[in-house]
Amino acid sequence: MSENANVVALPTGKRFPEARAGGISLGAAVDAGRFKLGMRRLAAGVSIIATTLEEVRYGLVATAVNSVSADPPTLLVCVSQTASAHDFISRAGRFSVNVLHADDRELAENFSRPEFRTRRFSFGEWSTATTGAPVLDSALVAFDCLIAQEARVASHTVFFGQVVDVRLSDGLIDPLLFWNSSYHTAEAGPR
């Protein structure tokens, strides 16, 4: 865990503390399988979350990335506590969020394959951000972040990153999307 981050431990069981809203217990949960089916219908942008610790790069593919605040600029990423890069992100206290282009499908697939774990950063062109985190030169946008806070929720950790730099790509924006358990592109653009 980074020295400057505040860690908030939330419940880790299958149920949250008993609370009620409008007569419905918030401790009640839908079946995990049904929840996963529903989440497959939520299209999400694909990013590579990357960090460096003791001069070694670590990274993973993520779709759970959101803005939190513009003042100060803060975003969040949700990372499974079983992910190979999880503990290194926490210990490094920094990470980058590299939003992938539609042409980066193979890169995303390579970052997702455990057998490529030790050579993930041999795919694509990478440079070093202000914090020392790796940034993908071809990313649609790369956010360079310092961990401001961590919250452990069930199987995941939410890393809140204060953004210290943003690198924007030139040209058309055509994001890589994840929907219904596979990669897609926006193709037609705005409608």
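**Strands, helices and a pocket**

Modeller: Let us begin with a pair of strands: β9 and strand β12 (residues 141–153) run antiparallel and are joined by six bridges. Please keep in mind that this model is predicted. Within this pairing, Val 97 stands opposite Phe 143 in β12.

Biologist: Which strand is joined to β9 by four bridges?

Modeller: That strand is β5, and β5 and β9 run antiparallel.

Biologist: How many residues of strand β9 are buried?

Modeller: A residue counts as buried when its relative accessible area is under 20%. In strand β9 (residues 94–99), five of the six residues are buried, so the strand is largely enclosed by the rest of the structure.

Biologist: In what order do the strands of the open sheet that contains β14 stand?

Modeller: The order is β4-β14-β15, three strands with antiparallel pairing. β4 (44–45) and β15 (182–185) stand at the edges with a single partner strand each, so one side of each has no neighbour in the sheet. Strand β14 (residues 176–179) pairs with β15 over four antiparallel bridges. There, Phe 178 stands opposite Tyr 183 in β15.

Biologist: Which helix packs on this sheet?

Modeller: Helix α3 (residues 105–112) does, touching β14 and β15, and its direction makes about 160° with that of β15.

Biologist: Where do the buried residues of α3 fall when one looks down its axis?

Modeller: First identify them: Leu 107, Ala 108, Asn 110 and Phe 111 are the buried residues of α3. Seen down the axis of α3, they fall within an arc of 165°, so they line one face of the helix. Among the elements that cover these buried residues are β5 (47–53), β6 (56–62), β10 (126–128) and β11 (134–136), together with β14 and β15.

Biologist: What volume does the largest pocket have?

Modeller: Its volume is about 1,700 Å³. The pocket is lined by 41 residues, of which Phe 35, Lys 36, Met 39, Ser 155 and His 156 are the closest to its centre. The elements that give two or more residues to the lining are α1 (32–39), β4, β6, β7 (65–70), β8 (73–80), β13 (156–168) and β14. The largest share, four residues, comes from α1.

Biologist: Which peptide bond is cis?

Modeller: The bond from Asp 71 to Pro 72 is cis, with omega near 0°. Pro 72 is placed in the loop between β7 and β8.

Biologist: Where is Glu 54 found, and is this residue buried or exposed?

Modeller: Glu 54 is in the loop between β5 and β6. Its phi is near 50°, a positive value in a residue other than glycine. The cut-off for an exposed residue is a relative accessible area over 50%, so Glu 54, at 66% relative accessibility, counts as exposed.

Biologist: What is the phi of Glu 55?

Modeller: Glu 55 has a positive phi of about 65°, although it is not a glycine. Glu 55 lies in the loop between β5 and β6, and it is exposed, with a relative accessible area of 79%.

Note on methods. Residues numbered from 1 in each chain as written. Predicted model: local features only at pLDDT ≥ 70, side-chain atom pairs only at ≥ 80, totals over all residues. Heavy atoms only, no water. Pairing = 2+ DSSP bridges. Contact = heavy atoms within 4.5 Å. Axes fitted to C-alpha atoms, helices over the stretch in contact; angles between N-to-C directions. Buried < 20%, exposed > 50% of the residue type's maximum accessible area, 1.4 Å probe, protein only. Arc of directions from axis to C-beta. 1 Å grid on protein atoms, 1.4 Å probe; cavity = no way out; pocket = protein on both sides within 12 Å on 5 of 7 lines; lining within 4 Å. Points joined across faces, edges and corners; volume = space filled by probe spheres on them.
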